[in-house]
Amino acid sequence: MSLKSFVAKPFQINKVELWAATTIYAFAVFFLATDRASNKYLFDEARIPFNYYEDYFFPQLVRYTLLYLAFLLLNFKVAPKLIRKEALAQSIFLIVVTFLVIGTVFGILDTYSKNYLFNQYNNEQETYDIIFQGSFHFAFWLLLIFGFYTAFKYAGTYLLNNSEAIQSKYRIITRDAVVAFVLWMVSMFLFILGDADGVLLLGWGIVIPSAIVVYFYSFQVLIPRVLGKKRPYTSYVLKVLLLLILATVPVAILVVLLIQDEETALGISMFNTAFQLFMTVPLSWVLFKRHLKGNEEVYVLKKELGRSNANFDFLRSQINPHFLFNTLNTLYGTALQENSDRTAQGIQMLGDMMRFMLHENHQHKILLSREIEYMHNYIALQSLRTSTSPDISIQAKLEDVVTDKFIAPMLLIPFVENAFKHGISLKHKSWIRVTLHCEDNKLYFDVYNSIQPKQDLDPEKNKSGVGLENVKQRLALLYPGKHELVIRETLEEYFVHLTLQL
């Protein structure tokens with residue numbers, strides 16, 4: 001299951017959270033039961049008798065249990081309803097009750113685990129006030145941390161679920177960037193929850209976002225620009241190094257504003273520069289190369305698969321009973337007119353066309369002259385059927401190609417077939433004009449035909465020409481960026497213009 005599919009299902013996330021919380025609770029209880037460490041030294045300093053179970057073990061056990069149950073309540077019952085804006089009054093009530101219970105229970109427990117405080121203040125009431133103020137402050141801090149966790153979780157889930165839409169709008173924001181950002185947010189939350197050292201927390205907050213920025217700027221801009229150079233990796237490293245040097249002072253100033261410690265700020269900034277140069281930069285290069293190789297393999301596979309499917313579909317659309325029966329009927333009618341030469345010519349042209357479709361159509365490229373010869377045969381064969389009608393005009397000016405120019409097979413004929421299918425009527429005036437010529441390495445191909453109204457009962461009325469969608473697909477696969485196809489239609493005429501870089 002992909003990460004995106006995983007986060008798209010709340011049940012899966014809830015299950016992981018339940019297992020994680022239960023595991024943490026179990027380990028906490030285990031270490032509490034096996035580790036004899038305690039706060040006994042604080043009692044000894046205050047010269048107050050210490051009982052391990054009464055003053056440490058049981059208070060800690062109740063704390064862990066209460067925190068575990070509060071997390072289950074807030075995370076699986078309260079937070080989802082708040083996000084969905086359901087039962088707001090009930091959810092707010094449960095949050096307030098949780099706050100009061102944690103503050104009160106922790107305060108009572110602290111009267112045992114912090115019994116030594118009673119010797120540090122003037123009277124018992126002042127001590128109780130200090131203890132319960134601390135417990136309620138701690139309860140508020142826990143709810144605040146949980147709020148941050150919930151915000152991170154749902155923000156990360158939203159970003160991952162909508163990574164494709166975000167990337168389509170902002171190309172530089174890839175799904176990997178979103179995942180990295182979400183993981184960074186989670187790690188920051190864990191550091192805050194664990195009360196990590198301030199310098200470590202600040203360093204992590206600076207270094208990781210900087211690494212994300214360097215990685216994706218390298219991936220999208222820097223590396224693609226240096227690939228054509230003599231020493232691409234050296235050029236890439238020098239460019240990143242220059243950017244890192246320029247960013248050293250601004251990063252140091254930012255840290256100084258946060259912690260008011262110039263020496264620590266400069267150290268964090270220098271560490272950030274070194275980390276990006278020796279870790280992020282080479283990692284970005286390696287991952288880009290792997291990405292480039294993977295994309296090339298996928299492109300080749302897609303191209304071959306698309307070519308095979310397109311050729312198969314086109315061959316299947318060509319060799320069909322309608323074409324064969326119509327041709328045979330034409331030859332039969334010609335034979336009835338007692339013109340055996342024309343009949344023999346028609347049979348010969350049909351045989352040439354069938355051999356072309358069955359054999360040469362399987363090749364990736366064929367001579368352009370063979371494609372033109374096939375079109376000549378097709379137009380001539382169709383002209384046999386229309387030669388007796390004076391209202392039909394068929395003009396074909398196909399320039400002979402002497403040089404060895406190659407083209408994908410059966411790429412031009414669909415436009416001619418479409419012209420005959422929709423442009424010829426034995427009852428109405430109609431015309432077809434086909435021109436083809438080459439100049440340098442470019443082929444210019446034009447097809448004009450009249451448009452004949454279809455009968456309402458005609459099953460072909462709403463269908464497009466034979467193989468037109470197929471040939472568009474093949475052009476996109478075989479000649480990306482090397483062709484221009486213009487199709488225009490009026491009430492009386494259909495026009496196709498194709499420019500092809502051979």
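**View 1. Overview of the whole protein.** The accessible surface of the protein comes to about 29800 Å², and 62% of this area belongs to carbon and sulfur atoms; accessible areas come from the Shrake-Rupley method with a 1.4 Å probe, and for residues only the protein chains shown count as cover. This is a predicted model, in which local features need pLDDT of at least 70 and side-chain atom pairs count only at pLDDT 80 or more, while totals for chains, interfaces and linings use all residues. Residues are numbered from 1 along each chain as its sequence is written, and side-chain values use heavy atoms, with hydrogens and water left out. The protein has 16 helices and 7 strands, where helices (H or I, at least four residues) and strands (E, at least two) are DSSP runs numbered from the N terminus. Of the 502 residues in the protein, 39% are buried; buried means under 20% relative accessible area, exposed means over 50%, and partly exposed lies in between (1.4 Å probe, protein chains only). Among contacts between residues at least 6 apart in sequence, 70% join residues at least 24 apart, a contact being heavy atoms within 4.5 Å.

**View 2. The largest nonpolar core.** A nonpolar core is a set of buried Ala, Val, Leu, Ile, Met, Phe, Trp, Tyr and Cys residues joined through side-chain atoms within 4.5 Å. The largest one has 42 residues, of which Ile-407, Val-416, Leu-443 and Phe-445 touch the most other members. At least two residues of this core are supplied by each of several elements, including helices α13 (340-358) and α14 (368-386) and strands β4 (430-439) and β5 (442-450). Helix α14 gives the most to this core, with 8 residues.

View 3. Helix α15 covers residues 413-423, and because 10 of its 11 residues are buried, the helix is largely enclosed by the rest of the structure. The buried residues of α15 are Ile-413, Pro-414, Phe-415, Val-416, Glu-417, Asn-418, Ala-419, Phe-420, His-422 and Gly-423. Val-416 also belongs to the largest nonpolar core.

**View 4. Salt bridges around Asp-110.** A search of the whole structure finds 6 salt bridges, a salt bridge being a side-chain nitrogen of Lys or Arg within 4 Å of a carboxyl oxygen of Asp or Glu. Arg-63 forms one with Asp-110, and their closest N and O atoms are 2.1 Å apart. This pair links distant parts of the chain, since Arg-63 sits in helix α4 and Asp-110 in helix α5, 47 residues apart. Arg-63 is buried, with a relative accessible area of 11%, and Asp-110 is buried with 7%. The side chain of Asp-110 also meets that of Lys-114 in a salt bridge (4.0 Å, N to O), and Lys-114 counts as partly exposed at 34% relative accessibility.

**View 5. A nonpolar patch on the surface.** Leu-82, Leu-88, Ile-92, Val-96 and Leu-100 form a nonpolar patch with about 410 Å² of accessible area together. Patches are made of residues with over 30% relative accessible area and no salt bridge, like charges being joined within 9 Å and nonpolar side chains (Val, Leu, Ile, Met, Phe, Trp, Tyr) within 5 Å. Helix α5 (residues 88-113) provides the largest share of the patch, 4 residues, whereas Leu-82 lies in helix α4 (residues 52-83). An α-helix has 3.6 residues a turn, so residues three or four places apart point the same way.

**View 6. Two loop residues with positive phi.** Most residues other than glycine have a negative phi. Met-410, in the loop between β3 (406-407) and α15, has a positive phi of about 55° although it is not a glycine. Asp-440, in the loop between β4 and β5, likewise has a positive phi, near 60°. Met-410 counts as buried at 0% relative accessibility, whereas Asp-440 counts as exposed at 68%.
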